[in-house]
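This report looks at how the parts of one model meet.

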Amino acid sequence: MSVAARAFELQRGAVGRLRVAVAPVAGLRSVVALLALEAGQWSEPEGRAGIARLTAQSLLRGTTTRDAASWAAALDDLGAAARMDVGGHIAVVSGQCLAPDLPAYLRLVAEAVLRPALQPGEVETVRAETRAALEEESRNTRGVADRVWRELAYPPLHPFRARPLGDPEVVRGATVDELRAFHGREILGRGGVLVLAGGIAPADALAAAEEAFSSWPGGPATAPRAVPLATIATAQRRAEVVPDKTQSDVILGWLGLPRTDPRFVPARVTNMVFAADTFASRAGKVVRDELGLAYYFFSTIAATRGQGPWVVRMGVNPRNVDRALQTTLAELRVVLDGGFPQVDLELAQDKLVGELRIALESPAGIAQMVLEAELFELGLDHYERYAEQLRSVTRDQVIETARAFLLADRYALAIAGPPLEA
Amino acid sequence: MTTQVASPRTSDAPATRRLDNGLVLYAAEARHAPVVSLWVWYHVGGRNEVPGTTGMSHFLEHMLFKGTPAHPKGDLDRLLARYGALWNAFTSEDVTCYFETVPVERYPVALELEADRMRNALISSEEVEAERTVIVSEREGYENDPSFLLGEELQAIAFGRHPYGQGVIGSKEEIRLMTREGLFAHYRRFYAPSNAYVVLVGDDEAEALLDRAATAFGPLEEGEAAPLVRAPEPAQHGERRTVVRRAGGAVPLVQLAFKSVRATDPTVPALQALAVALAGASGGAQEAASGRSSRLYRALVATGLATEVEAGAGLNKDPFLFTIEATLRPDGDHSAVEARILDELERIAHEPMPAEEFARVRKQLLAANAFPSDTVTGRSFRLGQLLSAGAAASIGEWYARLAAVTADDVRSAAAATFDERSRNVGWFVPLS
């Protein structure tokens, strides 16, 4: 099945280092706009975890031509929804606006991204909010588990060792000049991808993007940061007590692989066979459905340019943590040993292929699909090939992928919550 | 300033059919993707429970995934997974709802699964025991969140008589006491065509969607009429307050909940606009850039008193709450934040809203209502949600009511709602 066969025909363009992709969907009133900037954690200078997010959030606090309040009012005048999220490799401005407002919305976003004020008072506001978020996460079991897991899995100075919120000391000490330098080098100096999906004519959308982002510089991009390969050499486990909580949040994980690696699609299928879904994956079915040990249980594999987290997450009563973990590892050994039936693989493939079709129901779903393909340059025929790629993954490839990445005796395990019971 | 937002197309008005067994069907076409989103709504939730059985509707929701004689446990999950379906269920104070968004050629199967579990769920003792720990785990996950803990307390003090005060999930003690017999009786009492309705939106003609649904649900027996809820909440005559002090959170919270109206009240659209005027239309997390022109954002977040603020008006069957929540900085001052919120509420209730501000609020309100309708799942959910408590008969009607709100309607709704006598205030105070 060709994913794009019915719902959208993709049109592409470029403005300076910004690549633009437009997926029109007839009959919709709105447009989803995803602007991915190659300015996530991977772009942070060594030892400066948090600079990417501080910069990204400060972009939305006023420009060279209007202050923060005026920019915010202009955005709300359009009724647009917009947010900025920073991840492993990219910072994404996600927005949705009514179709006739797209040119005005893009002008506002371009103003923020290309000509931010980065005014000291506004940077202080972002800093104070970030410090509050760090404080809040220090007593949030999911936040603590994520921090601990990263500390176990990645070596010092690796860009993924810290959470995108950053290192508290870096957040406290970052200067406005540092943020301005990051903006110039990593945002203006790199490429980006703009995906527009919804009720728009491609020519109009491309023209709006071109007009809004015409000042984005062209030419060679800043060289990417070189990051040595990391490894998890032994099983590592750490539990941190978070006071006055009733549930433990658990992260069991490994280092993944780049989205551009040919083994990534088999890895996605392997993830589904193992633990991605509560009902369609082996470990989820046993831990939640058969043993009733967890309300939430799932695994994810990050699509990044590096070794992103490949993790199983679960919320478990402290007295059940060890049983849930042993059960999960037992299911992993079944995958590693090839002891799973062919029907498990077929179910995983059916689900992943079926989800592609369901994603077509929403402009956000289409935009996410296009963003991944454009960001990692998966090829003009990606949409025609992707479902077949998923279908063609063999049982041997699943076993081989698990043996390469999901070792039962070399993992990082973080537990955060009440004291664990014996 | 213009505030043009295209109204929903006339095809958004659903086709309807009432079956002989009392089940009402609603269907609308959405042709932009080859999927159908099917939602089955039951008129049962926390509102239908009495002390000691709180959480029963939610527990039952979990049991509807545990098999029928025709589709043993695992069948439904496996089939829907194979389709790549988007599917889930939820329970609220008023309703329990199940949904599947599936490829268009599979929706007859989804209908058959839903019709089957409407009357034939097994609810075995073994599965009740296995699922009990999952539900306790769900509850424990919520308890890790200070906002949930405070909100639960606040709802409890706001309602002295009405079951809304009990919440939805129930206490761990109640969850542990629930029996298979009690759950099954609850199921037979409330899960019947005459106490439900079905919404389908998707890539087929509306009449065809109705025909398929009628084929699936038509043979079911009507069932007995569900008992009415008769627990009106007496008027509140003075402020009520609660404080939660726990170590399980690092940042202080302030929540306010004012007694409000039911979804059928003519002022409900104005209350929706009021929430947008106070805190924007899309939530107040730090990553959000929209909503920063709102009154409480400017008063609390832009001034450094808080990091996030949200406001909302429920669409409920019985008079519910208008809520405001502010997340303070770690060293934040509850009293200062509460006082500032009350100042802003006083202003919006008694001073005319400038035309420019109202135009901005109106645009956000209408756009925020348009966005979800651009997904098949969102459109189907929205229609069902409006029908659940009688807020509107269609998305188009709801849009028209929102579009008709005036600045003075917003001020009047604020004046009627923000009364000290119907105010409930909660503070979450972190312990070090």
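## Two domains in chain B

The C-alpha centres of domain 1 of chain B and domain 2 of chain B lie 27 Å apart. Domain 1 of chain B covers 12–217 and domain 2 covers 240–430; these bounds come from an automatic or database domain assignment. The model is predicted: local features need pLDDT of at least 70 and side-chain atom pairs pLDDT 80 or more, while totals for chains, interfaces and linings use all residues. Residues are numbered from 1 along each chain as its sequence is written, with chains lettered from A and ligands numbered from 1 in the order written.

## Where the domains touch

In chain B, 35 residues of domain 1 are in contact with 32 residues of domain 2 (C-beta atoms, placed from the backbone, within 7 Å). On the domain 1 side, H5(B) gives the largest share, nine residues. Elements giving two or more residues to that side include strand E3 (35–42), strand E5 (96–103) and helix H5 (146–158) of chain B. Helices (H or I, at least four residues) and strands (E, at least two) are DSSP runs, numbered from the N terminus.

This side of domain 1 of chain B has 23 nonpolar, seven polar and five charged residues. Ala, Val, Leu, Ile, Met, Phe, Trp, Tyr, Cys and Pro count as nonpolar; Asp, Glu, Lys and Arg as charged; the others, Gly among them, as polar.

## Chain A against chain B

Chain A brings 63 residues to the contact and chain B 58. On the side of chain A that touches chain B, H12(A) gives the most, eight residues. That side of chain A divides into 30 nonpolar, 14 polar and 19 charged residues.

Definitions and conventions: Contact = placed C-beta atoms within 7 Å.
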